[in-house]
Amino acid sequence: MSDPWEVLGVAADCDDETIRRRYLELVRQFPPEQHPERFAAIRQAYESLRDLTTRLRYRLFEAGKKDNVEAIIEELACRNTRRRVSLETLLSILSQR
């Protein structure tokens, strides 16, 4: 899969609402009946980024690059002041690794 942020056309540090709005814009622009392949790529990118937990899971397991766990935790603590992943959630995701 290509970079989901690039597919949706959003910045890597955007919030859940921005991702959701952009996804809905793209679905209207590329309806599944007329653009099935493009829609599938958009849907897959949205599923990877739809909320903070799935973005974290994507970065830990599915991204082609190996992200440093400490850097991810620091990023979550600094950039996402609206909503944070609980330590319990983070540990459960890491235990699946």
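1. **Tyrosine 23.** Tyrosine 23 is buried, as its relative accessible area is 9%. The model is predicted, so buried here means under 20% relative accessible area.

2. **The aromatic pair.** How many aromatic pairs does the chain hold? The count is one. Its members are tyrosine 23 and tyrosine 46: the ring centres are 4.1 Å apart and the planes meet at 15 degrees, so this pair is stacked. Planes under 30 degrees apart count as stacked. Tyrosine 23 belongs to helix 2 and tyrosine 46 to helix 3, so the pair ties together parts that lie 23 residues apart in sequence. Tyrosine 46 is buried too, at 13% relative accessibility.

3. **Overall make-up.** The protein chain has six helices and zero strands. Read from the N terminus, the order of elements is α-α-α-α-α-α. Of the 97 residues, 34% are buried. The exposed surface comes to about 6,400 Å², with carbon and sulfur atoms supplying 48% of it.

4. **Confidence.** Mean pLDDT for the protein chain is 79, and 68% of the residues score at least 70. Which elements have the lowest and highest mean pLDDT? Helix 5, residues 69-79, has the lowest at 63. Helix 2, residues 16-29, has the highest at 94. Tyrosine 23 sits in helix 2.

5. **The core.** The largest nonpolar core contains 15 residues. Leu8, Val10, Ile19 and Ile42 have the most contacts inside it. Helix 1 (4-8), helix 2 and helix 3 (36-49) each give it at least two residues. Helix 3 supplies the largest share, five residues. As background, nonpolar side chains in soluble globular proteins tend to be buried together.

6. **Leucine 8.** What does leucine 8 touch, leaving out residues up to four places away in sequence? The list is Ile19, Arg22, Leu26, Ile42, Ala45, Tyr46 and Leu49. Tyr46, one of these, is also a member of the stacked pair.

7. **Isoleucine 42.** Buried or exposed? Isoleucine 42 is buried, with a relative accessible area of 0%. This residue is found in helix 3. Beyond neighbours within four places in sequence, isoleucine 42 contacts Val7, Leu8, Tyr23, Leu26 and Phe30. Glutamate 6 is 36 residues from isoleucine 42 in sequence, and their C-alpha atoms are 10.0 Å apart.

8. **Proline 4.** Proline 4 is placed in helix 1. Proline 4 is buried, at 0% relative accessible area, which is under the 20% cut-off. Setting aside residues up to four places away, proline 4 touches Ala45, Ser48, Leu49 and Tyr58. Ala45 and Leu49 are also among the residues that leucine 8 touches. Proline 4 and isoleucine 42 are 38 residues apart in sequence, with 8.0 Å from C-alpha to C-alpha.

9. **A charge over a ring.** Which residue lies over the face of phenylalanine 30? Arginine 38 does, at 4.7 Å from the ring centre. Phe30 is also one of the contacts of isoleucine 42.

Conventions: Residues numbered from 1 in each chain as written. Predicted model: local features only at pLDDT ≥ 70, side-chain atom pairs only at ≥ 80, totals over all residues. Heavy atoms only, no water. pLDDT = per-residue confidence, 0-100. Helix = DSSP H or I, 4+ residues; strand = E, 2+ residues; numbered from the N terminus. Core = buried A, V, L, I, M, F, W, Y, C linked by side-chain atoms within 4.5 Å. Buried < 20%, exposed > 50% of the residue type's maximum accessible area, 1.4 Å probe, protein only. Contact = heavy atoms within 4.5 Å. Areas by Shrake-Rupley, 256 points an atom, 1.4 Å probe, with all protein chains shown as cover. Phe/Tyr/Trp six-rings, centres within 6.5 Å; stacked < 30°, edge-to-face > 60°. Lys NZ or Arg CZ within 6 Å of the ring centre and 35° of its normal.
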